[in-house]
Amino acid sequence: EARAVELVASQCATGAISAAAVLVRRLGGAARPIAFVLLVEACCAEDVPSMALARATLGAMSDAGALGAASVGEMARVYSALIQGHGALAQLDRAHAAFEEGNGWLVQAAREADAGEGGDEGSGEEGSAEVRAAEASLVAAMVEAAAPHPDGLLLACSLLEEAVGRGVVTRVDGYYEQLIHGHSTAEELQSALDTLRSSGPTLGRGYRASDATIASLMRALRRRDGGLAEGA
């Protein structure tokens, strides 16, 4: 099994994704969860992400019983990859759907972690910390996917506000700077900020950005402009 994982990793790293997919399919139930994870990541990291193959791999992972055997960290990698792949294709709705799907899986993992609190001392705490770290990684992937999308700033800000409220994310400056850098021109960024202020287009459940979030974005923008001025 270890040798098979090494071979899958090598094929994915060298771009031989079709060969890796054939190998994982042949392994079936004998494949470790990480083999499926590596294949999904490789599919989503292509210049033109192969999202159909990535989804098929996730389905095969479930059929092989590897989904239930995967760790929280491995599943976070799977859903982060799906989010990034759809983001690279400018499919914001699908990226957000993968984000929500991943969070749904993590909710179940969190319930199991809470149940573990009745077992060995510290086991529940460690499980909860792992789930929070996984949730934070999904938020980071979603912010990165949303940054360059015309409607992404509003969605990402709303998700950040929710994550901060739940204690999943504690420091947000880096996220806001990432959102700003996702807009290639000052005109694009100004248009996005105007949309936030006017509570314009919404996505999904009708997201709105708070005044505090807009203020944080403006502070990040001033820091960026200050850095550009110093480098001029």
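Me: Hi! Before we get going, what counts as a disulfide here?
Reply: Hello! A disulfide is a pair of cysteine sulfur atoms within 2.5 Å. Bear in mind that we're looking at a predicted model.

Me: And how many disulfides does that rule give?
Reply: The count comes to 0 disulfides. Take Cys43: the nearest cysteine sulfur belongs to Cys44 and lies 6.4 Å away. Because a pair has to be within 2.5 Å, Cys43 is in no disulfide. Cys44 is in no disulfide either, with the sulfur of Cys43 as its nearest, 6.4 Å away.

Me: Are those two cysteines buried or exposed?
Reply: Both are buried. Cys43 has a relative accessibility of 0%, and Cys44 has 7%. Anything under 20% counts as buried, so each of them qualifies.

Me: OK, let's zoom out. What is the chain made of, in helices and strands?
Reply: The protein chain has 12 helices and 0 strands. Read along the sequence, the pattern is α-α-α-α-α-α-α-α-α-α-α-α.

Me: And how much of it is buried?
Reply: Of its 232 residues, 43% count as buried. The accessible surface is about 11600 Å², and carbon and sulfur atoms account for 51% of that.

Me: What about contacts along the sequence, how many join residues at least 24 apart?
Reply: If you take contacts between residues at least 6 apart in sequence, 67% join residues at least 24 apart.

Me: Now the inside. How many residues are in the largest nonpolar core?
Reply: There are 56 residues in the largest nonpolar core. Val8, Leu39, Met61, Leu82, Ile83 and Met142 have the most contacts inside it.

Me: Pick one, say Met142. What does it touch?
Reply: Leaving aside residues up to four places away in sequence, Met142 touches Ile83, Leu92, Ala95, His96, Phe99, Leu155 and Leu159.

Me: Switching to α1: what end-to-end span would you expect, and what does the model have?
Reply: Its 12 residues should span 16 Å at 1.5 Å a residue, and the end C-alpha atoms are 16 Å apart, so the two agree.

Me: Which residues of α1 are buried?
Reply: Ala4, Val5, Val8, Gln11 and Cys12. Down the helix axis they fall within an arc of 125 degrees, so they line one face of α1. They pack against α2 and α3. On the other side of α1, Arg3 and Ala13 are exposed.

Me: And after that helix, what follows?
Reply: α1 is followed by Gly15, which has a positive phi near 85 degrees.

Me: Same tour for α2, please. Which residues are buried there?
Reply: In α2 the buried ones are Ile17, Ala20, Ala21, Leu23 and Val24. Their arc around the axis is only 165 degrees, which puts them on the same side of α2. That buried set packs against α1, α3 and α4.

Me: What sits on the face turned away, and what comes after the helix?
Reply: The face of α2 turned away from its buried side carries the exposed residues Ser18, Arg25 and Arg26. Gly28 follows α2, with a positive phi near 55 degrees.

Me: Last one: where is Asn103, and is it buried or exposed?
Reply: Asn103 is found in helix α7. Its relative accessible area is 12%, so Asn103 is buried. Not counting residues up to four places away in sequence, Asn103 touches Glu135 and Leu138.

Definitions and conventions
Residues are numbered from 1 along each chain as its sequence is written. This is a predicted model: local features need pLDDT of at least 70, side-chain atom pairs count only at pLDDT 80 or more; totals for chains, interfaces and linings use all residues. Side-chain values use heavy atoms; hydrogens and water are left out. A nonpolar core is a set of buried Ala, Val, Leu, Ile, Met, Phe, Trp, Tyr and Cys residues joined through side-chain atoms within 4.5 Å. Buried means under 20% relative accessible area, exposed over 50%, partly exposed in between (1.4 Å probe, protein chains only). Contact means heavy atoms within 4.5 Å. Helices (H or I, at least four residues) and strands (E, at least two) are DSSP runs, numbered from the N terminus. The arc is that of the directions from the helix axis to the C-beta atoms. Accessible areas come from the Shrake-Rupley method with a 1.4 Å probe; for residues, only the protein chains shown count as cover. The expected span of a helix is 1.5 Å times one less than its number of residues.
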